[in-house]
Amino acid sequence: MTLQFSLVAAAPESVDSPCVVVGVYENGLLTSAAARVDGAAGGAIKRQVESGDISGKAGSVNLLFAPAGVAAQRVLVVGLGAQKSFDAARFQKVNIEAARALGRLPLESAVSWLADVDVPGQDAAWRVRTAALAADHAAYRYTATVKPRGAGQPTLAALAFATGAEAQPGLDQAIAIAEGVRFARELANLPPNICTPAYIAAQAQAFAEAHDKVACRVLDHEEMEQLGFGSLLAVGRGSANKPKLVALEYRGGADDAKPYAFVGKGITFDTGGISLKPGPGMEEMKFDMGGAAGVLGAFVAAVKMGLPLNLACVVPAAENMPDGDSYRPGDVLTSLSGQTIEVLNTDAEGRLILCDALTWTARTFQPQAMVDAATLTGACVTALGKHASGLMSKHDDLAAELLAAGEATLDRAWRLPLWDDYQVQLDSAFADVANIGGKSAGAITAGCFLSRFTDGQRWAHLDIAGTAWDEGRKGLATGRPVALLAQWLIDRCA
Ligand code: BES
Ligand code: MN
Ligand code: ZN
């Protein structure tokens, strides 16, 4: 069930709601909404600040139940931290914590004043968009293959933000982007025995059927064989779940406007193949289609927003398995581009499916810009951890656009160089290029590999290996980089 969002004009002390949410800074400084509630409730908040029960620490939550003088049944007091250092990231954090706290309470709706607190450099539309996306993120539950905990209890279904009507465009964007984020998270969280290449293709087809202006085309392995997808097909050869190439097209712009294009790595499970990965933690490699999920989610968001542009979204989908028919280290593949590739490690499979997809996307759509997203390298996780996606591009303007979109949405990326100096690491005696570049600069050499298949294209690469899911046994897909990509498209329409 999805959370319903709205804007309201109301006073926090008199609105009739199961819960109102107000913010308090550190050092007992109340926001104006908190001050109004406090005044109506005879100092109920200030007393708890003085007693130390309410610290104002960023993300802390305290609940007042049925305070006299206040119409709402509850008041959730959320700590905002120090006012002088309050910023966009803190704003997102406190909205996530507020939504988590609301999710633990037996209530179905609430009204939040947290979108009304000042954030330096941001307007009301940004605040509402960010707050709604934060709340939707916190409210998401994975239930496809497990019973929800606390079933039968009331759960938060509607959240209203008290702020001016000028924020409505921000809320409209948030609702569309949240749908894209959920689409991506759900697809990525599904187990690899359900989310196969054919499943991804079916999801894309179903989306196209349900939406005007959206068309879907799926190439199966036989068609790809005829067309010469020698690199992509090699990766999938060891699996009973045959590869697919999934292409969605949205025509929201002028007939003659060149499309933007997304390409997303869709490895539905990455065992490493013959270069087998170690067992512990291998289950996390079901998320190796996080790039596919991310670009599909951004596509969903763009369609839901009705953006006035044309957009293609291409997903090479395959499963990387060890088998008697698997491709092997030493194999030389002929890619769709005609370039030959020496396989030195079958675990560097993402770039092998992406290179053919990039070639096909450039030829088929002649996009004005092409951005790929991929859980491509452990090296990127080592370099940037879980906070930033790696961004690589030879096009400074495109890189700047994507970095700015990441900042605006707090779905941040950090640029790594793509200098030709690194290209020699991919030299091979037996083919035009090797599929691995040795010990150093693994994220960059993967980007360099892809760059050889994007000649003449305005292209950027996002390595989301560290950002696509939260690690560990209970880690869920994050939905990144849906927000970044959706914002980039929004900015292209401005
Ligand atoms: N899907 C992995 C990358 C990955 C690893 C993502 C860990 C998230 C967490 C990719 O296919 C892979 O195995 N890459 C290898 C490349 C190497 C063989 C050059 C890697 O990073 O170890
Ligand atoms: Mn791999
Ligand atoms: Zn992989």
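Trainee: Leaving aside its neighbours within four places in sequence, which residues is alanine 135 in contact with?
Mentor: Alanine 135 is in contact with Leu3, Phe5, Ala99 and Leu159, where contact means heavy atoms within 4.5 Å. Before we go on, this is a predicted model, in which local features need pLDDT of at least 70 and side-chain atom pairs count only at pLDDT 80 or more, while totals for chains, interfaces and linings use all residues. Residues are numbered from 1 along each chain as its sequence is written, chains are lettered from A and ligands numbered from 1 in the order in which they are written, and side-chain values use heavy atoms, with hydrogens and water left out.

Trainee: Okay, and where is the place of alanine 135?
Mentor: Alanine 135 sits in helix 4; helices (H or I, at least four residues) and strands (E, at least two) are DSSP runs, numbered from the N terminus. Alanine 135 is buried, with a relative accessible area of 2%, and buried means under 20% relative accessible area, exposed over 50%, partly exposed in between (1.4 Å probe, protein chains only).

Trainee: How many residues apart along the chain are alanine 135 and alanine 178?
Mentor: They are 43 residues apart along the chain, with their C-alpha atoms separated by 9.6 Å. Alanine 178 is one of the residues of helix 5 that meet helix 4.

Trainee: At roughly what angle do the axes of helix 4 and helix 5 cross?
Mentor: The axes of helix 4 (residues 124–139) and helix 5 (residues 168–189) cross at roughly 30° and come within 8 Å. Axes here are lines fitted to C-alpha atoms, for helices over the stretch in contact, and angles run from 0 to 180 degrees between N-to-C directions. That angle makes helix 4 roughly parallel to helix 5, since angles under 35 degrees count as roughly parallel, over 145 as roughly antiparallel, 65 to 115 as roughly perpendicular and the rest as oblique.

Trainee: And which residues of the two helices meet?
Mentor: On the side of helix 4 they include Val128, Ala132 and Leu133, and on the side of helix 5 they include Leu171, Ile177 and Val181. The residues of this contact of helix 4 with helix 5 divide into 10 nonpolar, 3 polar and 4 charged, with Ala, Val, Leu, Ile, Met, Phe, Trp, Tyr, Cys and Pro counted as nonpolar, Asp, Glu, Lys and Arg as charged, and the others, Gly among them, as polar.

Trainee: Let me switch to helix 13. How many of its residues are buried?
Mentor: Helix 13 is mostly covered, as 10 of its 10 residues are buried. Threonine 445, which lies in helix 13, is buried with a relative accessible area of 1%. Not counting residues up to four places away in sequence, threonine 445 touches Tyr422, Gln425, Leu426, Gly437 and Ser440.

Trainee: How far apart are the axes of helix 10 and helix 13?
Mentor: The axes of helix 10 (residues 350–365) and helix 13 (residues 442–451) are 9 Å apart, and the two helices pack at an angle of about 30°. That makes helix 10 roughly parallel to helix 13. The residues of their contact divide into 7 nonpolar, no polar and 1 charged. In helix 10, Arg351, Leu352, Leu354, Cys355 and Leu358 take part, and they meet Ala446, Phe449 and Leu450 in helix 13.

Trainee: Last topic, the backbone. Which residues does a cis peptide bond join?
Mentor: A cis peptide bond joins arginine 480 and proline 481, with omega of about 5°, and proline 481 is found in the loop between strand 18 and helix 14. Separately, alanine 66 has a positive phi of about 45° although it is not a glycine, and alanine 66 is partly exposed, with a relative accessible area of 45%.
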